[in-house]
Amino acid sequence: MAVKGLWESLDEFLKQCERSGDCAYNALRSLLERLEDPNTRVEARIFLSDLQKRFGTKEESDRCLQTFHFQIQDIFLEHYEGYQRRKKLTMMVIPSIFVPEDWSFTFYEGLNRHPDTIFKDKTVAELGCGNGWISIAIAEKWLPSKVYGLDINPRAIKISWINLYLNALDENGQPIYDGEGKTLLERVEFYESDLLSYCKDHRIELERIVGCIPQILNPNPEAMSKMITENASEEFLHSLSNYCALQGFVEDQFGLGLIARAVEEGIDIIKPFGIMIFNMGGRPGQGVCKRLFERRGVRVTKLWQTKILQAADTDISALVEIEKNSRHRFEFFMGLAGDQPICARTAWAYGKAGGRISHALSVYSCQLRQPTQVKIIFDFLKNGFQGVSNSLDLSFEDDSVADEKIPFLAYLASVLKRSSFFPYEPPAGSKWFRNLISGFIKTYHHIPVNADNVVVFPSRAAAIENALRLFSPRLAIVDEHLSRHLPRQWLTSLAIENTLSEKLPKDVLTVIEAPRQSDLMIELIKKLKPQVVVTGMAEFEAITSSAFQQLLETTRVIGARIFLDISDQFELSSLPGSIGVLKYLAGTALPPHAAIICGLLKNKVYSDLEVAFVLSEEETIFKALSKTVELLEGNTALISQYYYGCLFHDLLAFQLADRHPPSEREGDKVKGSDMIGFASSAISVLDHAELSITETENSSLIHMDVDQSFLPIPSPVKAAIFESFARQNVVEPELDVTTSIRQFIKSNYGFPTNSNTEFIYADCPLPLFNKLVLCCIQEGGTLCFPAGSNGNYVSAAKFLKANISTIPTNSELGFKLTEKILTGVIETVKKPWVYVSGPTISPTGLIYGNEEMENILSTCAKFGARVIIDTSFSGLEFDSKGIGSWELEHSLAKLNCSGLPTFSVSLLGGLCMNMLTGGLTFGFLVLNQPFMIDTFHSFSGPSKPHSTLKYTLKKLLDLKEQKDGDLLDAIEKQKKLLGSRSKRLKETLEGCGWKVLEAHAGISMIAAPRAYLGKSITVKDGTTAFQAKLNDSNIREAMLKATGLCINSASWTGIPGYCRFTTALEDGEFERALDCIVNFKKVVNI
């Protein structure tokens, strides 16, 4: 038989093939071209039939491979009686591709264990298809809609196409049709592809992925870096079937990196309920093989397992090397009959001595346990977060844990991918989160509340303490289960006599503990007549509402406010248990003297992750509590709100909206006695403090009035955040931030520490500062603020009723402290406590150099002052030329010896500026003096940062200490950006009639509206109009009304005439802010 234009006879074809493997391949490639052409296809297929008949016996077929560098053989698929389809395939192989053997036969046996519907009408891809026999067998037996056979070896693809024609056409070159009237040519295609790259590039969604992939690291890694072409050597191309290169996955250490990459690529393009099936050699151990899938969120079923002989041409020395450098032991057996595992080193030696070694071979069927969420997670990780992928662990023994953790990771991944920064959220809590809380209460408990009835707190303890400070009752009764975190000074019975006889000074707070049982609590309320009651419900009383109604009535009659805790009964479930309190509120409005407290702790994953909320239907209570969060807590950790928000969202997402009409509820019909109002000190502060402005539904404000960066969060930070949640089984040293912070403050400030130094942490610096304020109050001290300090800190100290003294500063010195100015104040003050912001001074944006700081400390030591150095706003110094970094250790050592005994220095700090974490905040406090440590711990501690936050910050601090290029580059980039922003803002302000104090660091600057003072302004808003004669206090409101830009006035900065602007806005917002400043000039007609 001849092929026109190519060979006159079979002998001529064989003569070409005999020259070399490359010549044989070229001849077969030419034959494939004839098969692909419909006009020559029949002739070419008949030629193949004659070629096969030429080598009809097994011996002749083997001789053909040795002599002519190709072989045609039959592979038998089924042996049992009654099998209706063809029982064998005719397949060609060449030396440079994988010859079908036990490895692939076992894989096919595993596929056979699936039901017949496994591939029917499905889109399938086979990875590492070799000569294509499994792809063709799948199409022949299961009738899929399409099979894509993929291999990185270009010669394998050409031979696979030849094999497809061999089996799609009969010996006479005529099509073979299956039961559906289709041929294999319609069902199968082969493409050169590095794993699934062909399908990804052509956007092919798959329903099934099967793979028989090499699992031993190449003993010669450099060989795997070659460019793979069909002209490469036969030895190199064949090695692709036995060895894999390093893939950058943790599984590389077991030789499983290529399968790990295949799984992750499969997750990307497989349909949600698709199935992946892989052959896994058991050499690394069955546990390791199974974990490769499970940690990626895949459910695994072992379909089939057997032992096979290790291929004689596979060098396992790479595995011996891995064992040498790790504690891992691979698993081999001596022959097929051996049942005791031996390590790779022993197997290597045994094989070298002529023994045959075997290993287990398993076929795994894999399906994503939560497909949509897992896909979102890997879509995030593939964009530059490979290191995090190696830490990912989505294996869970408990499905309920997986159902909680995986959706949150997906949500976090989508937030980190979608957003370059964490958005501004009001102090009352994320609007999204509050909507979810109110939506859950409305849907599951039928109480018609909304987000404006919900205030979010870091913890239940914080909510209770903030509420008590807001009202500052002379006597409060608190459930004994809820009082353990209250300040020790409140928990005393010594002042009760005076309280009852009304001899105590105003605003002194006394708390007594009471049993939770309602009848005993009611008896105490009637006898002691407290002004505030905080209690939970005993378990046996919580099911019905009768005890709650009695408490409501009793407190109403005596004019007491009641905060009822339902934390123990509140369930995040689609079938929540009955709560008598909520059943009552479904039919009756919450009276104005009552509020509900609920701490959220009942999640399946993190026992220490807490968020709390207060529910009130009284608008004044909502607003006041929102302000206490801002003053006393700073914020509630955003990630914690995200976590519980995901739980609420999952419970609401499947519900139909507004399916039930709003409940008709009774109002409070009986007027009670006069209730206690807010404490006088609280009213004064809340009325005058410049706290953040809350946006209305239809407004879009620009916030230049908050100490938060909205600049892009760099990739190392996003990676650390995600990894902190993606990991499982994190060990304590990975959460111990103390060592890292000790090094951080030594490197940045030269601040001394020793074995007795106390490190205290909180969600942000503000609550730590507030505890220091309480220490100052307890000592009878006076807190001295330089004029030009952060307004929120000053307002918080006033709210806590501290004695405050202002240290005057002047513009000529940039409103900095000097020895002379400081001496003039603290020499007249009893027990001075001096607050200093530095190295970056907030809000001026100037910098204290080392010498300036040493002079301030020296002056304080002379008078025995206690110093609070606040470094929270430092770390982004963009113009610090000529200003040396701090080296305080030597000077403090001298001052501690020479100064008065009361002299002490506490270092307060935060890491959101230094580490560019944006809205993810973390505060630390470093105390060296025993008195300060003991006094601090006499108060309840602030809400502690969650373990995931500590993990994140430790990771970032360690990266910075290691001088990680990506993180350091991001910090430098943001410094340059802030420097550029500062110059542009200065130019804009000066061009609009403001006098600007040029900033050198941080995210804020101050400016005086010289050209605006005394000018009149009228701003119309619908039917209302704002009219004012501008001064340095009302200019904030005027600018807000006129432009929507939020700034801080002189009331906040403490510097007469100077307002504060922040610069760390998102790019578009910053441009809008500059436009607002220009527009305001036009409105005022300057």
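## Cavities in the model

On a 1 Å grid over the protein atoms alone, a cavity is a set of points where a 1.4 Å probe fits but cannot get out, and the residues that line a cavity have an atom within 4 Å of a point. Grid points are joined across faces, edges and corners, and a volume is the space filled by probe spheres set on the points. This is a predicted model, in which local features need pLDDT of at least 70 and side-chain atom pairs count only at pLDDT 80 or more, while totals for chains, interfaces and linings use all residues. Residues are numbered from 1 along each chain as its sequence is written, and side-chain values use heavy atoms, with hydrogens and water left out.

A search of the whole structure finds 8 cavities of 30 Å³ or more, and the largest cavity holds about 670 Å³ of space. Its lining consists of 35 residues, of which Gly634, Asn635, Asp707, Gln708 and Thr921 are the closest to the centre. The elements that give two or more residues to this lining are α26 (638–652), α30 (765–779) and α31 (791–799), where helices (H or I, at least four residues) and strands (E, at least two) are DSSP runs numbered from the N terminus. By class, the lining of the largest cavity has 15 nonpolar, 14 polar and 6 charged residues; Ala, Val, Leu, Ile, Met, Phe, Trp, Tyr, Cys and Pro count as nonpolar, Asp, Glu, Lys and Arg as charged, and the others, Gly among them, as polar.

## Domains

The protein is divided into domain 1 (1–69), domain 2 (70–79 + 87–368), domain 3 (431–494 + 507–680), domain 4 (735–878 + 885–962) and domain 5 (981–1085), with bounds that come from an automatic or database domain assignment. The centres of domain 1 and domain 3, taken over C-alpha atoms, are separated by 85 Å. Domain 3 and domain 4 each supply at least three residues to the lining of the largest cavity.

## Helices that cross

Two packed helices are described by the angle between their axes and the distance between the axes. Here the axes are lines fitted to C-alpha atoms, for helices over the stretch in contact, and angles run from 0 to 180 degrees between N-to-C directions. The axes of α1 (residues 10–19) and α3 (residues 41–54) come within 11 Å and cross at roughly 75 degrees, and α1 and α3 are therefore roughly perpendicular to each other (65 to 115 degrees). Leu10, Asp11, Phe13 and Leu14 of α1 make the contact with Phe47, Asp50, Leu51 and Arg54 of α3, where contact means heavy atoms within 4.5 Å. This contact of α1 with α3 has 5 nonpolar, no polar and 3 charged residues.

Helix α3 also crosses α7 (residues 154–168), at roughly 90 degrees and with axes that come within 10 Å, which makes α3 roughly perpendicular to α7. In this pair, Arg41, Arg45 and Leu48 of α3 meet Ile162, Tyr165 and Leu166 of α7, and the residues of the contact divide into 4 nonpolar, no polar and 2 charged.

## Backbone details in loops

A cis peptide bond joins glycine 838 and proline 839, with omega of about -5 degrees, and a cis peptide bond also joins serine 842 and proline 843, with omega of about 15 degrees. Proline 839 is found in the loop between β24 (832–837) and α33 (850–862), and proline 843 is likewise in the loop between β24 and α33.

Technical notes. 1 Å grid on protein atoms, 1.4 Å probe; cavity = no way out; pocket = protein on both sides within 12 Å on 5 of 7 lines; lining within 4 Å. Parallel < 35°, antiparallel > 145°, perpendicular 65-115°, else oblique.
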